[in-house]
Amino acid sequence: MTESSAPGKVYLFGEHAVVYGEPAVPCAIERRATVTVEERDDDRLRVHAQDLSLDGFTVEYSGETGATPDVDVSTPLVEEGIGYVDAAVSEAREAADAPNAGFDITIESEIPLGAGLGSSAAVTVAGIDAATRELGVDLSDEEIAERAYRAELAVQDGQASRADTFCSATGGAVRVEGDDCRSIDAPDLPIVVGFDGGAGDTGKLVAGVRALREEYDFAADTVESIGDVVRRGEDALADGDLAELGRLMNFNHGLLEALGVSSRSLDGMVWAARDAGALGAKLTGAGGGGCIVALDPTDETTTALRFTPGCEDAFRAELDTDGVRAEDA
Ligand code: PMV
């Protein structure tokens, strides 16, 4: 039996603009998905998932990935979750040259699904690492990141950026620009996350920004301005200047709001954080609903968020310098 875990992430800067070639800076957080894998003596997959904002489910299906799982519950989230596990298993089988390997797989995650915290990337990264190690093959973090990116591309119809999977595989803060991904130095960041209990539709939100950008020059300028904020943000990170980072996160949120990807609950949480004295706050990920990220070394923001209408959960989640790692099964 083999167990691996991988972190979720927040975007400190640059979501949406990264789609148009601007840089973005995601940062791994200490909230992890853990995947336990045991090889079977047939070619079937049995997947048991807990804590994925669902009550927990178990499915068993044939070894051919792409086969319809035999599952009682049919929710889009289950199907989506299974899609990532399937794609991760395909990558692991290929990497270990074991096309008929079957597995019992258990997933436990502390990362809300589809809320801008990179839950699917963390499950995919940890799944590839655990399944390949179970088959006796050790991949580098870079190869896991590459295979996890390919798995996400397969599930998301060719629409995936490298940001989530690279950040989850390597940990720490990361700079992504097109296909170029690299780790960057970052100080200890006092990250607080607020979650509205919902999720945005990434495809729709990305399409909305594309349409705005085509219609209005000033929307295209807004996307470029986000790139400028990101470049300033990289300097502030390198200098360890938390006050400047916070100001730039506030600016980034305003620009995302202008592009129509915020929501009433996200704005409510952002303002609650600012009123509580956070250094800065912004939505993270595609938007439309889901999570905000704030910087506050005190407990004020977490407490304020817990009393904010529309906020379902608030927690501290500091930067995680560990990427994918083996756990004791
Ligand atoms: O919500 P997430 O974590 O999947 O982030 C989406 C980020 C976007 O920039 C909006 C899209 C992308 O693929 O980069």
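Residues are numbered from 1 along each chain as its sequence is written, and side-chain values use heavy atoms, with hydrogens and water left out. In this predicted model, local features need pLDDT of at least 70 and side-chain atom pairs count only at pLDDT 80 or more, while totals for chains, interfaces and linings use all residues.

Me: What makes the space found in the search of the whole structure a cavity?
Reply: On a 1 Å grid over the protein atoms alone, a cavity is a set of points where a 1.4 Å probe fits but cannot get out. The search finds one cavity of 30 Å³ or more. The largest cavity has a volume of about 80 Å³, a volume being the space filled by probe spheres set on the points, which are joined across faces, edges and corners.

Me: Which residues and elements line the largest cavity?
Reply: Lining residues have an atom within 4 Å of a point. Of the 13 that qualify, Val35, Val85, Ala88, Ile105 and Gly127 are the closest to the centre. At least two lining residues each come from strand 2 (25-39), helix 1 (76-95), strand 5 (103-109) and helix 2 (119-134); helices (H or I, at least four residues) and strands (E, at least two) are DSSP runs, numbered from the N terminus.

Me: Why are helix 2 and helix 3 (residues 141-155) called oblique?
Reply: Their axes, lines fitted to C-alpha atoms over the stretch in contact, are 9 Å apart and form an angle of about 125°, on a scale from 0 to 180 degrees between N-to-C directions. Angles under 35 degrees count as roughly parallel, over 145 as roughly antiparallel, 65 to 115 as roughly perpendicular and the rest as oblique. Helix 2 and helix 3 are therefore oblique to each other.

Me: Why is helix 6 (residues 217-239) called roughly antiparallel to helix 7?
Reply: The axes of helix 6 and helix 7 come within 9 Å and cross at roughly 165°, so helix 6 is roughly antiparallel to helix 7. Their contact (heavy atoms within 4.5 Å) includes Thr222 and Leu237 of helix 6 and Glu244 and Leu256 of helix 7. By class, the contact has nine nonpolar, four polar and two charged residues.

Me: What makes helix 7 (residues 242-258) roughly antiparallel to helix 8 (residues 264-275)?
Reply: The axes of helix 7 and helix 8 come within 12 Å and cross at roughly 160°. Helix 7 is therefore roughly antiparallel to helix 8. Asn250, His253 and Glu257 in helix 7 meet Asp267, Val270 and Arg274 in helix 8.

How values were computed. 1 Å grid on protein atoms, 1.4 Å probe; cavity = no way out; pocket = protein on both sides within 12 Å on 5 of 7 lines; lining within 4 Å. Nonpolar A, V, L, I, M, F, W, Y, C, P; charged D, E, K, R; others polar.
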